[in-house]
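This report considers a pocket, a ligand and a helix in turn. Please consult the sequence and the structure shown below.

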Amino acid sequence: MRIFMDTANIDDIRRGAALGVVDGVTTNPTLVAKEGVQYRDRIMEICEVVDGPISAECISMEYEPLVEEARRVASWHPNVVVKIPMSEVGLRAIKTVSAEGIRVNTTLVFSANQALLAAKAGAAFVSPFIGRLNDAGHDGMEVIREIVSVFDTFNLPTQVLSASIRNPRDVTEAALAGSHVATLPPAVLFAMVNHPLTDKGIEIFLNDAKKYSPV
Ligand code: E4P
């Protein structure tokens, strides 16, 4: 499973990229607004740090402006993947720009049916939001399993990108469900590195190592 970081914070992205396990980055308007920076500038900065798919979200709500925006955003950098929210207008735009070779990440996906439509329109990724589904009383991971199963059944090339992840267990479950990608808030990525038994084990080994001369 590929691991993306779900943030627009460049310091966190640099720290994550240094681990050597980050394959891409997803952003959204909320994440960028938190940073107080210009959207394009930050996307370009991220592209300098991580060599992989970098999702940048479109905000136009009408077909023509959305298609124009998607083309413009995609032209920023070869690694930019255009994020388009699920809707009728969104689907039409996904179909148009995907046919032109622009990679689309369909965002705000909450059901297998929405994912199927996005895949049929040619999206490179679909982003089901696990945490927001769970918050609304649904089973987010079940939706991931359904989408993976449908895509497998029909050999659809669209990748399942598990989003709205809230804790390390979500990552394990997304991997077990066969999700192609999970996008993680920095805190979840860094928490995955640690285990109390690892810390305890290191402490014991370091103490025991004092009992002999190092080579
Ligand atoms: C995905 O691309 C979204 O940016 C993100 O995962 C949303 O997560 P949230 O529900 O924690 O805001």
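## The largest pocket

The largest pocket of this predicted model holds about 260 Å³ of space. Its lining is made up of 18 residues, and those closest to the centre are Asp6, Asn28, Leu31, Arg132 and Ser164.

Helix α2, which spans residues 29-35, gives the most to this lining, contributing three residues. Sorted by class, the lining of the largest pocket comprises six nonpolar, seven polar and five charged residues.

## Surroundings of the ligand

Around the ligand stand Asp6, Thr26, Asn28, Lys83, Phe129, Arg132, Ala163, Ser164 and Arg166. Among these, Asp6, Asn28, Arg132 and Ser164 also belong to the residues closest to the centre of the largest pocket.

In lysine 83, a polar side-chain atom lies 2.6 Å from an oxygen atom of the ligand. The side chain of serine 164 has an N or O atom 2.6 Å from an oxygen atom of the ligand. For arginine 132, the distance between an N or O atom of the side chain and an oxygen atom of the ligand is 2.7 Å.

## Helix α10 and its cover

Helix α10 covers residues 186-193, and its buried residues include Pro186, Val188, Leu189 and Phe190. Which elements cover the buried residues of α10? Included in that cover are the strands β1 (2-6) and β8 (181-184), together with the helices α1 (10-18) and α9 (168-176).

Key
Residues are numbered from 1 along each chain as its sequence is written. This is a predicted model: local features need pLDDT of at least 70, side-chain atom pairs count only at pLDDT 80 or more; totals for chains, interfaces and linings use all residues. Side-chain values use heavy atoms; hydrogens and water are left out. On a 1 Å grid over the protein atoms alone, a cavity is a set of points where a 1.4 Å probe fits but cannot get out, and a pocket is an open set with protein on both sides within 12 Å along at least five of seven lines; lining residues have an atom within 4 Å of a point. Grid points are joined across faces, edges and corners, and a volume is the space filled by probe spheres set on the points. Helices (H or I, at least four residues) and strands (E, at least two) are DSSP runs, numbered from the N terminus. Ala, Val, Leu, Ile, Met, Phe, Trp, Tyr, Cys and Pro count as nonpolar, Asp, Glu, Lys and Arg as charged, and the others, Gly among them, as polar. Buried means under 20% relative accessible area, exposed over 50%, partly exposed in between (1.4 Å probe, protein chains only). Contact means heavy atoms within 4.5 Å. A residue is near a molecule or strand if one of its heavy atoms lies within 4 Å of it. A polar contact is a pair of N or O atoms within 3.5 Å; within protein, one must be able to donate a hydrogen and the other to accept it, and residues adjacent in sequence count only if both atoms are side-chain atoms.
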